[in-house]
Amino acid sequence: MASARTTGDGPAIVAEGLVKRFGDVEAVRGVSFEVPEGRVLGLLGPNGAGKTTVVRMLTTLVRPDGGAARVLGLDVRARPQQVRNVIGLAGQYAAIDENLTGRENLRLVGKLSHLAPRDIGPRADVLLERFALSEAANRVARTYSGGMRRRLDLAAALVHQPPVLFLDEPTTGLDPQGRNELWDVIEDLVDGGTTVLLTTQYLEEADTLADNIVVIDHGNVIAEGTAAELKARLGTSTIEIGFRDDDVATTAAGMLASVGGVDRDGKLVHLSVPGEHGAGSMLETVRVLDDARLEPATLVLREPTLDDVFLSLTGHAAEEGDGDGDGAVKTRRRRRQPRAGRAR
Amino acid sequence: MSAVDTSRYADRRDAWSERRFVVGDSVAIVWRNLLNIRRNPELLVFATVQPVIFVLMFRYVFGGAIQGSLPAGQTYVDYLMPGVFVQTIVFGSLTTGVGLAEDLNKGLIDRFRSLPMARSAVLVGRTGADLVRNFFVVVLMCVVGFIVGWTIGTDFVRFVAAFVLILGFAYAMSWAFAIVGLSVRDAETAQAVSFPFLAVLVFASSAFVPVATMPSWLQGWAEHQPVSVVINAVRYLTIGSGPGLNASSVPKAIAWIVGIVAVCAPIAVARYRKAT
């Protein structure tokens, strides 16, 4: 449909000082950000930070008590019905009718999105195919696995081909394979020009998918930037130097205290430096060791992770349960390359 | 389509697009809810088991005792069946609220509200589907009634009018319980919250026993509350004229039905708009 392509080159999503109160609780206290067309914004924050409320305001489910929000130039308060024409929403839980089949669920959304009747069937088939649900298309959704439900939910959000997509914790509760599948789909959509706002508790997800990241806590924006910027500014780089025996390690640890925070563990010396100084500190380390004729056995620079950033910003880890802080050694997927020359 | 103008016509178009789609969207929701009933036929069966037990129990267990307090010339089974119909559909209207609470709980209402569909369609569609369900339940109860000896003392036209009146009241009660369903968090709560209202409406009425047998402080309520008025109208239409049966109960019943829908539907739609 891609109808109301409105104000031309402006950002696809704009939040200006959004405020939402629930009784005495101010859940969102003046949140502002912009998402350029065709980009992905990752909205991060601990549980209860106000992420979902922000999404609900932007998707017209909840009226803001203050501030303004526009999607493709359409004000969410003044023109909610038109906003709904251009957005897709996949929420925290799979919002599908369990007693309908996969195909019937998509047909229902197609009808309610006012697609031309002759387009509804083919559109449903395309989506079922794309989300690997063709075989299960005629089974009622209550027989679906968790991953299948999520895929059907996302497919339902895409029935009317919305140019702007809101994903509220799209992969929470999915196994790693399900998560990877969903990431691939989201990347495809973005390659096709869709603007995405994504909330997540998984920092790896934000790192993989998001062009820009906004961190909120207690209803306020507390940091904003690309993953790389945030890591450089707020993360910690670690230089890990291994020596052949403990004595040498001790000597080296003493000399390296001038470079960064030193932590010796047997033959290993860990050097913590601010995120953006990783490379420079590495050079200095090499210089210091070379001058003293101390030859290391191993020398590794660890880039800061979003987990560090999150921890230093909010004082606690983002993920609950499996947030064991080993983000640095997780197999990291390639970062999505910025797509040069996207015509817009 | 490109370059849609969003300036001065936008507000009006917003309102238009809503109204333009009410019928189509409601039909889609009816379709969805009827599919739900078809996929869970046991719900329809359970909806009729309890009223069938009531028919058998009151007809054969309590009937003999109650017969004595009826005006001469009326048989208890003819008196009972209109009460059972109305009791059945009033209890059945609870499913409207329970179903909405479930949709809300599962996030389906969020999905619907994020679509460019008419705001009233989810409720119009839900109450419409429940009307279809009630139609089948009442047909089934008629069959049960005929089996246990229920007779129509009037004519076919008035029997059909009684049938329509019962369904009309069922529709009105669906809107009333839609408000409950949209005000609570889950199906269990919807059920628990509704039950006291149901009990007062159904049992403190003329459904099973004549109001004259009740204490005088209760009679005022029991005589004029909507359930009794509708039951009396159905009795008038199926038994015919007689002591305690009055033609004026029919317009009164219609007034209750129209009044309940007129009050409850806007409240329910307003709740739906704000539901979270």
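Trainee: Is V40(A) buried or exposed?

Mentor: One counts the C-beta atoms around a residue, and 20 or more within 10 Å make it buried. In this predicted model, V40(A) is buried because 25 other C-beta atoms lie within 10 Å.

Trainee: Where is V40(A) placed, and with which residues is V40(A) in contact, leaving aside its neighbours within four places in sequence?

Mentor: V40(A) belongs to strand 3 (residues 40-44) of chain A. With those neighbours left aside, its contacts are V190(A), V196(A), L198(A), L209(A), A210(A) and D211(A). By contrast, 44 Å separates the C-alpha atoms of V40(A) and M255(A), which are 215 residues apart along the chain.

Trainee: How should chain A as a whole be described?

Mentor: Chain A has 344 residues, of which 49% count as buried, and it contains 11 helices and 14 strands. Among its contacts with a separation of 6 or more, 68% are between residues 24 or more positions apart.

Trainee: Which domains does the assignment give for chain A?

Mentor: The assignment gives domain 1 (13-225) and domain 2 (232-306). The C-alpha centres of these two domains of chain A are 43 Å apart.

Trainee: What is the strand order in the open sheet of 4 strands in chain A?

Mentor: The order is 12-13-11-14, and the pairing is antiparallel. Strand 12 (261-265) and strand 14 (298-302) of chain A are the edge strands, since each pairs on one side only. On average, neighbouring strands of this sheet are turned by 15° against each other, direction ignored. Helix 10 (residues 278-291) of chain A packs on the sheet and touches strand 11 (236-242), strand 13 and strand 14 of chain A. The direction of helix 10 makes about 25° with that of strand 11 of chain A.

Trainee: How many bridges join strand 12 and strand 13 of chain A?

Mentor: Strand 12 and strand 13 (residues 268-274) of chain A pair in the antiparallel sense over 5 bridges. As an example of bridge partners, R264(A) has V269(A) in strand 13 of chain A.

Trainee: How does one read a helix, such as helix 2 of chain B?

Mentor: An α-helix has 3.6 residues a turn, so residues three or four places apart point the same way. For helix 2 (residues 22-39) of chain B, 18 residues at 1.5 Å a residue should span 26 Å, and the end C-alpha atoms agree, being 26 Å apart. Its buried residues are D25(B), S26(B), A28(B), I29(B), V30(B), R32(B) and N33(B).

Trainee: Against which helices do the buried residues of helix 2 of chain B pack?

Mentor: They pack against helix 3 (102-112) of chain A together with helix 6 (121-147) of chain B.

Terms used: Residues numbered from 1 in each chain as written. Chains lettered and ligands numbered in written order. Predicted model: local features only at pLDDT ≥ 70, side-chain atom pairs only at ≥ 80, totals over all residues. Domains from an automatic or database assignment. Helix = DSSP H or I, 4+ residues; strand = E, 2+ residues; numbered from the N terminus. Expected span 1.5 Å × (residues − 1). Buried ≥ 20, exposed ≤ 12 C-beta atoms within 10 Å, placed from the backbone. Contact = placed C-beta atoms within 7 Å. Pairing = 2+ DSSP bridges. Axes fitted to C-alpha atoms, helices over the stretch in contact; angles between N-to-C directions.
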